[in-house]
Amino acid sequence: MTNPLPSNRNEAWRYSDIAAVEAAWPLPDPENIMVPAGGDFARAIIQESGTIHQINLTIGAGANAAIHVLNIGGAYGRIELNVTLHDGADFNLGAVQIGGETQTLEIVTTVTHAEPNATSNQIVRSVLAKKATGSYLGKVAVARDAQKTDSVQDVKAMVLDRTATANAKPELEIFADDVQCAHGATVGELDKQALFYLASRGLPPAEAKKLMLQAFVAGVFDGAQAQEEFTDKALAKLGGLV
Amino acid sequence: MLQIENLHATVGDKPILKGLTLTLNAGEVHAIMGPNGAGKSTLSYVIGGRPGYEVTQGSVTFNGQDLLDMDPHERAAAGLFLGFQYPVEIPGVSNVQFLREAANAQRKLREQEPLSGGEFLKLAKEKAALLKMDMEMLKRPVNVGFSGGEKKRNEMVQMGILDPALAILDETDSGLDIDALRVVGDGINSIMRAPDKAVLLITHYQRLLDYVQPDFVHVLADGRIVKTGGAELAKQLEAEGYEAIAA
């Protein structure tokens, strides 16, 4: 069965570059990953060429899964994760997207706490320059019986030019009553006072910006497979934007 | 070393400096005192090149170069250090990393070889010890979670590492307890008291001047220097207040 091409009226594709989606249509089947009960799974995704990744991830009881994402390449790059957590499962997402020119980059997640005692933690950092658009659409759904769910969505975007766009839409759908679901989303610009402080010590403007952006994305890749490669590629991309 | 001629500056169209003239020679320590709103901090920011502070008239010359024509980082590389009244907190950026990059950026502009990691750490340890600051604090993010006094001490450690020819220190004494004041005073003397260096201390109070003896004291009021004297002028100000002197 082929799904119809989405449009911007479709919520999960609201900020997408539909022309780019159409060019890639029909999309290959999503990748299905099952982490068995008690298992341990890690995946590092570096999106460098403008592709759409769709992953269905099911995390069995007591299992852990960590996904790290660096979304930096191509005119349109999309990472879409549909995650289902069973009893006591743990999901971690650490994602950085860095866009310039007219790039459209997005991370779209649906994290379903289907059973009790599961934890999920999503950290997303976006840096956007020129006319780039970066979006995070993240839905956390907590099923009726999924008590003691603990979920965090920590979403921050840094806009380097007033012409760039950041969208952040953390969303909660909770049907249980004993849960903790924290979400925060901020969009900001580099602190001008801090930039002047760094410049007054001798750092050229681009170096000062790069240092602050490095701090902004720092920590997201901690513990990632290929952490060094992530960091190097993120810094190289940041260096090209400032 | 520094010549300020008839300097006029505005902040958001509001005139703050209104014809300030001041000369600092190598080997001298000058103090600028004055009431709130006189333009003391504006003077330091104009010399440092902070965006938003616009010079409308006059000139600032530093070792023969037109300072106002240079970007803030170029001023630093030319040998200027600005000690902030309110040092900025920068989460995530470690002091040592930032200072090493800053020191090496300055050296690059001066066409000097960069300091290696080892050379830099040795220098940083030496200056931290001078200011009695724990090396662990230097590894932490810039000024984050530091007390007011620790921030000022950190400014002085930075000054020691960057080794400027001219330091403009804006209320470096505020927020310091008596012991810290002595440490900072000793630090300023040891780092900046040299025949080829000069210091401009901006302060409200005489107490820092007990530790760092100024050669000249200037009273700044309503955007210009209204009186100049020796160290005794600071004591007279402390005893009689600005109004009596500046009027």
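1. Buried means under 20% relative accessible area, exposed over 50%, and partly exposed in between (1.4 Å probe, protein chains only). By that rule Tyr45(B) is buried, with a relative accessible area of 11%. Tyr53(B), at 22%, counts as partly exposed.

2. This is a predicted model: local features need pLDDT of at least 70, side-chain atom pairs count only at pLDDT 80 or more, and totals for chains, interfaces and linings use all residues. Residues are numbered from 1 along each chain as its sequence is written, chains are lettered from A and ligands numbered from 1 in the order in which they are written, and side-chain values use heavy atoms, without hydrogens and water.

3. Seven aromatic pairs turn up over all chains. Rings of Phe, Tyr and Trp (its six-membered ring) pair if their centres lie within 6.5 Å; planes under 30 degrees apart are stacked, over 60 edge-to-face, the rest tilted. Tyr197(A) and Phe98(B) make a tilted pair, 6.3 Å centre to centre with 40° between the planes.

4. That pair crosses between chains. Tyr197(A) is in helix H2 (residues 192–200) of chain A, and Phe98(B) is in helix H3 (residues 95–109) of chain B. Helices are DSSP runs (H or I, at least four residues), numbered from the N terminus. Both Tyr197(A) and Phe98(B) are buried.

5. Tyr45(B) and Tyr53(B) have ring centres 5.2 Å apart and planes at 50°, so this pair is tilted. Ring pairs link Phe196(A), Tyr197(A), Tyr45(B), Tyr53(B), Phe84(B) and Phe98(B) into a cluster.

6. A charge sits over a ring if NZ of Lys or CZ of Arg is within 6 Å of the ring centre and within 35 degrees of the ring normal. Arg78(A) lies over the face of Trp13(A), 3.5 Å from the ring centre.

Key: Helices (H or I, at least four residues) and strands (E, at least two) are DSSP runs, numbered from the N terminus.
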